[in-house]
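Please keep the sequence and the model in view while reading.

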Amino acid sequence: MAKELIKGNTAVAEAALRAGLQAYFGYPITPQTELLEHLSARMPELGRPFVQAESELGAINMVYGAACTGKRVMTSSSSPGVSLMMEGLSYIAGTEVPAVLVDVVRGGPGLGNIAPAQGDYNQIVHGGGHGDYHMLVLAPASVQEAVDLTVLAFDLAEKYRNLVAVLLDGSIGQMMEPAELPPMQPLKDDVPDWAVRGTQGGEKRILTSINLDPPAQEVMNLRLMTRWQEIEKNEVRYKGYFLDDAEYIVVGFGTAGRVSLSAVRAAREKGIKVGLLRPITVAPFPNDVLDELTEQAKAFLVVEMNAGQMLEDVRLVVRGRKPVEFFGRMGGVVPFPDEVLTEIERLVKEPLTTEGHPRDRWLARLRETIG
Amino acid sequence: MQQEVIIAGFGGQGVLFAGQLLSYCAMDEGKEVTWIPSYGPEMRGGTANCTVVISDDEIGSPLVKNPTAVIAMNLPSLEKFEPLVKKGGVLVVNASMVNREVTRQDIKVVSLPANDIAEEIGSPRSVNMIMLGAMLANMDLLSLDAMDRALDAHLPERHKKFLAGNKAALRKGAEYLASEPVEA
């Protein structure tokens with residue numbers, strides 16, 4: 001199929017539709033709104049339910065109910081809206097039903113602004129909702145990757161009866177790139193053996209997240225964690241650039257990853273042996289490849305559009321064996337490649353240490369530049 | 001090979017569409033391309049701009065600090081982006097909307113009264129195409145014939161009546177050649 005020039009938000013919406021989305025529930029919020037807008041036209045056209053809920057709370061609980069029928073369902077929002085969904089997400093996790101969430105992250109905390117950011121990493125990757133559960137988190141860095149990962153999100157959600165989040169930022173949501181959209185999949189008509197189907201007098205199926213018997217709840221928790229271990233084993237995805245002979249390794253996801261790619265190329269032109277590891281799944285995190293790279297690397301630079309959230313996941317793998325430095329911009333500021341290049345050059349020129357915390361050193365430098 | 005273009009002006013001057021047309025053309029010519037708008041609250045009644053990156057390889061950052069070309073459709077855009085054009089790059093200025101000369105000596109400058117030209121050719125809404133034509137004539141990026149094909153393929157159906165006017169505007173703008181940089 002030919003490529004189209006298409007906006008990230010619209011592309012995700014159309015990809016979800018073509019992946020067989022059977023019901024959408026959401027509430028508008030910038031910089032995500034084109035996603036909902038596109039589906040508000042396309043879903044009714046195809047005779048599929050689209051509901052603009054009264055709020056994000058309403059939307060996520062509608063997703064919860066619809067997910068219990070085994071249909072392909074999703075919602076999408078941006079940071080403050082996703083915060084409102086946290087209770088519902090935990091309930092969905094606790095009920096072990098599949099659903100897809102798209103978070104087009106904006107500057108925060110609070111109402112913040114509508115500029116691109118990655119400040120939701122901890123909320124999406126390390127929890128947010130209460131209790132022991134994990135979302136599988138896919139972090140595209142281009143419109144094409146957003147399309148491909150949206151389709152994958154539905155497959156993975158069903159395969160593992162697990163929540164899957166597509167973690168974008170405002171930049172990928174708003175930008176246009178050529179992308180090839182997937183073919184239209186037929187809607188699935190099978191009812192999973194766990195789904196409620198409203199048959200009168202048939203076998204009773206109860207889906208709930210309440211479990212008042214702690215030992216039984218513990219068994220359920222064990223099942224969730226076993227499933228997560230399986231996901232960790234099977235579903236790690238990443239992309240490496242210039243890693244073969246890299247002495248210095250930049251780690252960044254999404255927009256921070258592609259900004260870093262520009263910086264890495266510029267550094268290569270200056271003869272610096274630097275590569276880029278761009279996690280595509282941030283949960284599960286690409287621990288094994290990072291562990292291997294720790295053997296090879298002289299030092300790491302983590303680049304994020306937040307105050308160093310993925311940084312902690314990198315440090316857990318590197319475990320002080322090699323120096324890790326950090327560069328981030330916060331609050332909706334997107335770094336330019338030359339800022340990252342300066343950090344790469346600093347890595348090469350300045351004495352490195354495994355002592356202290358890279359965030360402290362970065363904050364000290366940042367205070368000098370932005371006050 | 002990568003080139004970056006920032007197109008800036010008031011909302012309503014066709015800034016975003018000019019960038020999209022450039023992007024369509026690049027895509028149809030088999031290039032990698034990104035188009036990203038400024039989408040902050042400043043868009044409302046104020047200035048608008050978009051950044052287009054065109055490359056033979058996978059594109060890294062969709063935003064650039066120092067683009068190889070800038071189209072400044074009005075004075076605020078000239079003020080903001082003149083200092084940022086990459087040395088040796090191209091700055092296209094809509095002389096109808098600014099009241100000063102360009103001061104940079106190390107870039108190519110094309111200054112043309114695009115609003116007046118648009119009126120002259122009887123296509124007052126094609127200021128953006130005139131500016132685009134002037135830019136393309138002064139850099140090695142995409143040919144005017146390729147832009148014609150992009151217009152044929154991607155101009156929305158409801159705007160097809162502007163097709164001939166747009167093509168004429170591209171070529172009219174392309175008649176304006178840049179001053180060479182004094183200090184390269």
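In this predicted model, α1(A) passes α2(A) in a right-handed crossing; a crossing is right-handed if the near helix is turned clockwise from the far one by less than a right angle, and left-handed if anticlockwise. Helices (H or I, at least four residues) and strands (E, at least two) are DSSP runs, numbered from the N terminus. Helix α1 covers residues 8-18 of chain A and helix α2 residues 33-45 of chain A; they pack at an angle of about 40 degrees, with their axes 7 Å apart. Axes are lines fitted to C-alpha atoms, for helices over the stretch in contact, and angles run from 0 to 180 degrees between N-to-C directions. That angle makes α1(A) oblique to α2(A), given that under 35 degrees counts as roughly parallel, over 145 as roughly antiparallel, 65 to 115 as roughly perpendicular and the rest as oblique.

Contact means heavy atoms within 4.5 Å. On the α1(A) side, the residues that meet α2(A) are Asn9(A), Thr10(A), Val12(A), Ala13(A), Glu14(A) and Leu17(A). Their counterparts in α2(A) include Leu35(A), His38(A), Leu39(A) and Met43(A).

Residues are numbered from 1 along each chain as its sequence is written, and chains are lettered from A in the order in which they are written. Local features need pLDDT of at least 70, side-chain atom pairs count only at pLDDT 80 or more, totals for chains, interfaces and linings use all residues, and side-chain values use heavy atoms, with hydrogens and water left out.

Chain A as a whole has 14 helices and 14 strands. Its C-alpha trace spans about 75 × 50 × 40 Å along the principal axes. Of its 371 residues, 59% count as buried. Contacts between residues 24 or more positions apart make up 80% of those in chain A with a separation of 6 or more.

Two single residues can be set side by side. Buried means under 20% relative accessible area, exposed over 50%, and partly exposed in between (1.4 Å probe, protein chains only).

| Residue | Relative accessibility | Class |
|---|---|---|
| Ala216(A) | 30% | partly exposed |
| Glu82(B) | 4% | buried |

Ala216(A) belongs to helix α9 (residues 214-234) of chain A. Its C-alpha atom is separated by 34 Å from that of Thr150(A), 66 residues apart along the chain. Glu82(B) sits in the loop between α2 (75-81) and β5 (90-94) of chain B. Leaving aside neighbours within four places in sequence, Glu82(B) is in contact with Ser77(B), Leu91(B), Arg100(B), Val102(B), Thr103(B) and Arg104(B).
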